[in-house]
Amino acid sequence: MNLREKLKKSRNALSRKLGMVFGQGVDEDTLGSAEEILLASDLGWELTELVLERFRKEFKLNSNSNWKTLLATILEELFPEYDPWIPEAKPAVTMVVGVNGAGKTTTIARLSQSIVAGGETVLMGCADTYRAAASEQLALWGQRLNIPVYTSIEGTDPGAVTFDAIRKAKLKHFDHVIIDTAGRLPTQKGLMDELSKVYRVAGKAMEGAPHRVLLVLDGTVGQNALPQAQQFMKFIPVTDLVVTKLDGTAKGGSVFAMARELNLPIRYIGVGEGADDMITFDAEAFIEAIVGSND
Ligand SMILES: Nc1nc2c(ncn2[C@@H]2O[C@H](COP(=O)(O)OP(=O)(O)OP(=O)(O)O)[C@@H](O)[C@H]2O)c(=O)[nH]1
Ligand SMILES: [Mg+2]
């Protein structure tokens with residue numbers, strides 16, 4: 001996959017524009033214009049100021065510094081190194097949560113596909129029981145990718161489906177089970193309590209489950225996804241982040257703010273609607289794709 005191409009909008013908004021501004025050199029005037037560009041790229045106020053401060057310092061010392069190298073260095077320092085997730089339990093239970101339409105179901109399909117490609121087995125469980133269309137959507141992915149899906153009829157208790165899916169995965173010796181949940185807003189208290197319940201029920205079906213909780217964030221929402229994410233984290237112990245739809249936005253800079261503010265590893269990013277349009281997040285590659293050389 002050509003990540004640069006997929007992240008073109010963000011690269012144009014950030015790197016190309018900065019290139020035009022810094023073509024005249026880095027000074028107070030051009031830093032003022034850079035501020036606008038960084039904010040428009042959705043880096044957020046705090047990070048924007050941090051970047052500008054580092055630029056001021058560096059260019060005072062050495063006016064011949066390379067702004068791209070410097071920016072890439074600053075951004076890379078924002079991402080702590082996280083160990084890869086290596087599940088010990090079998091089945092390893094992953095629960096996927098997030099607001100409506102964030103890309104949860106698509107993420108589950110893609111993740112399952114990559115697990116199968118790696119030679120392991122996975123059961124996709126649908127605890128989004130409010131809409132018949134939700135289980136149909138997951139079932140359709142299952143058919144397309146040839147991956148088994150556990151669903152129940154509309155209106156079933158999401159906890160019950162979660163319990164049964166995990167039990168089935170255990171009984172049939174699946175390596176992974178991934179539980180899809182209904183989209184919800186953190187302001188919907190009843191639905192958020194229900195999510196906590198699904199989480200607890202998973203632990204009853206299997207000790208230690210769920211072994212990870214992925215919070216899926218819509219990249220086109222950018223900075224505004226942050227307060228929502230923080231609310232989710234109050235109800236359920238989120239362990240990892242997924243940022244989707246980064247192909248459709250110029251706000252790729254928000255990924256840096258998400259990593260910093262939420263202090264959780266970003267594991268995957270979505271860069272398209274297809275089954276292959278998700279990649280394991282790599283800070284260096286991501287930065288290279290949006291800061292890298294000009295077109
Ligand atoms: N362009 C683009 N579209 C995406 C990406 N990920 C998901 N989508 C689209 O976003 C829409 C919603 O995706 P779903 O996976 O159904 O989202 P969801 O969170 O399961 O939605 P609900 O179950 O309704 O809460 C679909 O049209 C997806 O094709 C992505 O990385 N890029
Ligand atoms: Mg869904």
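Guide: Gladly! This is a predicted model, and its protein chain holds 12 helices and 8 strands.

Visitor: What makes the radius of gyration of the protein chain agree with that of a compact globule?

Guide: For 295 residues, a compact globule would have a radius of gyration near 19 Å; the protein chain has 21 Å, so the two agree. The C-alpha trace spans about 65 × 40 × 35 Å along its principal axes.

Visitor: How many of the residues in the protein chain count as buried?

Guide: Buried residues are 45% of the 295. The cut-off is 20 or more other C-beta atoms within 10 Å of a residue's own. As for contacts between residues at least 6 apart in sequence, 75% of them join residues at least 24 apart.

Visitor: Let's turn to the sheet. In what order do its strands lie?

Guide: The order is β3-β2-β4-β1-β5-β6-β7-β8, in an open sheet of 8 strands with mixed pairing.

Visitor: Why are β3 and β8 said to stand at the edges?

Guide: β3 (149-150) and β8 (278-280) each have a single partner strand, so one side of each has no neighbour in the sheet.

Visitor: What joins β4 to the strands beside it, β2 and β1?

Guide: Bridges do. β2 (residues 122-127) pairs with β4 (residues 176-181) over 6 bridges, in the parallel sense, while β1 and β4 run parallel and are joined by 5 bridges. Ile 178 in β4 has Met 124 as a bridge partner, and Thr 94 also stands opposite Ile 178. Leu 123, in turn, stands opposite Val 177.

Visitor: How do you know that β4 is mostly covered?

Guide: By its count of buried residues: 6 of 6. His 176, Ile 178 and Asp 180 point one way from the strand, Val 177, Ile 179 and Thr 181 point the other way, and all are buried.

Visitor: What makes β5 largely enclosed?

Guide: In strand β5 (residues 212-218), 6 of the 7 residues are buried, so the rest of the structure largely encloses this strand. β5 pairs in the parallel sense with β1 (residues 92-97) over 4 bridges, and with β6 (residues 240-244), again in the parallel sense, over 5 bridges. Leu 215 in β5 stands opposite Val 97, and the bridge partner of Leu 215 in β6 is Leu 241. Between β5 and β6 the chain passes through helix α10 (residues 225-235), and this β-α-β crossover is right-handed.

Visitor: What makes that crossover right-handed?

Guide: The test is to look with the strands pointing away from you: a path from the first strand over the helix to the second that runs clockwise is right-handed. The path from β5 through α10 to β6 is right-handed by that test.

Visitor: Now some single residues. Why is Lys 245 called buried?

Guide: Lys 245 has 22 C-beta neighbours inside 10 Å, and the cut-off is 20 or more, so Lys 245 counts as buried. Lys 245 sits in the loop between β6 and α11 (254-262), and has a positive phi of about 60° although it is not a glycine.

Visitor: Is Ser 63 buried or exposed?

Guide: Exposed, because Ser 63 has 10 other C-beta atoms within 10 Å. Ser 63 belongs to the loop between α4 (45-61) and α5 (67-77). From Ser 63 to Gly 25 is 38 residues in sequence and 8.2 Å in space, C-alpha to C-alpha.

Visitor: Which residue is joined to Pro 91 by a cis peptide bond?

Guide: Lys 90, with omega about -5°. Pro 91 lies in the loop between α5 and β1. The bond from Ala 209 to Pro 210 is cis as well, with omega near -5°, and Pro 210 is in the loop between α9 (189-205) and β5.

Visitor: Last, which residues come nearest to ligand 1?

Guide: Gly 103, Thr 105, Thr 106, Gly 183 and Gly 270, out of 20 residues around ligand 1. By class, that shell has 3 nonpolar, 11 polar and 6 charged residues. Helix α6 (residues 104-117) gives the largest share, 3 residues.

Terms used. Residues numbered from 1 in each chain as written. Chains lettered and ligands numbered in written order. Predicted model: local features only at pLDDT ≥ 70, side-chain atom pairs only at ≥ 80, totals over all residues. Helix = DSSP H or I, 4+ residues; strand = E, 2+ residues; numbered from the N terminus. Buried ≥ 20, exposed ≤ 12 C-beta atoms within 10 Å, placed from the backbone. Rg over C-alpha atoms; globule rule 2.2 N^0.38 Å. Contact = placed C-beta atoms within 7 Å. Near = placed C-beta within 6 Å. Nonpolar A, V, L, I, M, F, W, Y, C, P; charged D, E, K, R; others polar. Pairing = 2+ DSSP bridges.
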